[in-house]
Amino acid sequence: MKLQLALDLVNIPEAIELVKEVEEYIDVVEIGTPVVINEGLKAVKEVKAAFPNLTVLADLKIMDAAGYEVSQASAAGADIITILGTAEDESIKGAVEEAKKQGKEILVDMIAVKDIAARAKELDELGADYICVHTGYDLQAAGQNSFEDLNTIKNVVKNAKTAIAGGIKLETLPEVIKQQPDLIVVGGGITSKEDKQDTAREMQTLIKQG
Ligand SMILES: O=C(CO)[C@H](O)[C@H](O)COP(=O)(O)O
C-alpha cells in the first residue's frame with residue numbers, strides 16, 4: 001500500500017513547500033485538477049524537477065483526446081496520468097497505449113460511474129494500471145464516501161492495482177487499510193492540518209503496519 005498526497009488548493013511554490021514538509025512520508029505526489037487548471041502542466045514539470053525521486057501523478061481527469069493529453073503530461077514529467085472511467089473505451093485504449101509507449105501508468109478515476117462493478121471489469125480488461133474509486137468534493141459534502149465501492153472493485157479487478165480517494169482522514173484510514181488498496185489518496189486529510197508532517201508520518205506508520 002502506498003500513500004499519495006493530493007495537492008488541490010495551492011500554487012506551484014506552495015506545492016513545493018508543502019511537499020518538502022512531508023516528502024519522506026509519502027510515495028506519490030498528485031498535482032490536482034485545480035492546480036493544473038490554474039498553473040498548467042508547468043506545475044507537474046516543476047514539482048518533478050524539485051522531487052525527482054517521488055512519483056508524480058497528474059490529475060488531468062482526461063475525457064477525450066486521451067493519447068495526446070497523456071503524451072503532453074508525460075513530456076512534463078508525470079509518472080501516472082488520470083482519465084475518467086466514464087470516458088469512451090476508445091479514449092481509455094488511447095490513454096493506455098500512449099502511457100505504455102512512454103513508460104508511464106494510467107489511473108482511471110471512477111468518479112460518477114454508476115455501475116462500478118461492470119465498468120471496473122471492463123477497464124481492467126482494457127489495461128488500466130490503476131482503478132480508483134473516488135468520492136469527489138461535491139458528494140463528500142453530502143456525507144458520502146467510497147469505502148463500499150473499494151470492496152466492489154477489489155472483488156472484480158484481476159490485473160489493475162486498486163486505489164481510493166475522497167475525504168480520507170487519519171481517523172478513517174484504518175477502515176481503508178483493512179481493505180488493502182494498492183494506493184490511498186489523501187488531500188485535505190493532510191493539507192488542512194496544522195501539523196502536516198505529523199499527520200503524514202502517522203498515516204505512513206498505519207499503512208506500513210498494514
Ligand atoms: O481529485 C480530487 C477532487 O476531485 C482530490 O484530489 C481527491 O478527492 C483527494 O482529495 P481529498 O482527500 O481532499 O478528498
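Predicted model: local features only at pLDDT ≥ 70, side-chain atom pairs only at ≥ 80, totals over all residues.
Close-up 1. Residues are numbered from 1 along each chain as its sequence is written. Valine 47 belongs to helix 3, and helices (H or I, at least four residues) and strands (E, at least two) are DSSP runs numbered from the N terminus. Not counting residues up to four places away in sequence, valine 47 touches Ala15, Ile16, Val19, Val29, Ile31 and Val56, a contact being a pair of residues whose C-beta atoms, placed from the backbone, lie within 7 Å. Between the C-alpha atoms of valine 47 and isoleucine 16, which are 31 residues apart along the chain, the separation is 6.3 Å.

**Close-up 2. The crossing of helix 1 and helix 3.** The axes of helix 1 (residues 12–22) and helix 3 (residues 42–50) come within 10 Å and cross at roughly 30 degrees, which makes helix 1 roughly parallel to helix 3. Axes are lines fitted to C-alpha atoms, for helices over the stretch in contact, and angles run from 0 to 180 degrees between N-to-C directions; angles under 35 degrees count as roughly parallel, over 145 as roughly antiparallel, 65 to 115 as roughly perpendicular, and the rest as oblique. On the side of helix 1 the contact involves Ile12, Ala15, Ile16 and Val19, which meet Lys42, Ala43, Glu46, Val47 and Ala50 in helix 3. By class, this contact of helix 1 with helix 3 has seven nonpolar, no polar and two charged residues, with Ala, Val, Leu, Ile, Met, Phe, Trp, Tyr, Cys and Pro counted as nonpolar, Asp, Glu, Lys and Arg as charged, and the others, Gly among them, as polar.

Close-up 3. Helix 1 and helix 11 (residues 196–209) have axes that come within 8 Å and cross at roughly 50 degrees, which makes helix 1 oblique to helix 11, and the crossing is right-handed. Leu18, Glu21 and Val22 in helix 1 meet Lys196, Gln197 and Ala200 in helix 11, and the residues of this contact divide into three nonpolar, one polar and two charged. Leucine 18, with 17 C-beta neighbours inside 10 Å, counts as partly exposed. Apart from residues up to four places away in sequence, leucine 18 touches Leu7, Val10, Thr191 and Lys196; its C-alpha atom is separated by 8.0 Å from that of threonine 191, 173 residues apart along the chain.

**Close-up 4. The crossing of helix 6 and helix 8.** The axes of helix 6 (residues 116–125) and helix 8 (residues 147–156) come within 9 Å and cross at roughly 45 degrees, so that helix 6 is oblique to helix 8. Helix 6 passes helix 8 in a right-handed crossing. Ile116, Ala117, Ala120 and Lys121 in helix 6 meet Asp149, Thr152, Ile153 and Val156 in helix 8, and these residues divide into five nonpolar, one polar and two charged.

Close-up 5. Lysine 61, found in strand 3 (residues 55–62), has a phi near 45 degrees, a positive value in a residue other than glycine. With 18 C-beta neighbours inside 10 Å, lysine 61 counts as partly exposed. Alanine 65, in the loop between strand 3 and helix 4 (66–76), likewise has a positive phi, of about 50 degrees, although it is not a glycine. Alanine 65 is exposed, with 12 other C-beta atoms within 10 Å.

**Close-up 6. The shell around the ligand.** Of the 17 residues around the ligand, Ala6, Gly136, Ala165, Gly187 and Gly188 come nearest, a residue being near a molecule or strand if its C-beta atom, placed from the backbone, lies within 6 Å of it. Strand 8 (183–186) and helix 10 (188–191) are the elements that give two or more residues to this shell. The shell residues divide into six nonpolar, eight polar and three charged.

Definitions and conventions
Contact = placed C-beta atoms within 7 Å. Left-handed = near helix turned anticlockwise from the far one by under 90°. Buried ≥ 20, exposed ≤ 12 C-beta atoms within 10 Å, placed from the backbone.
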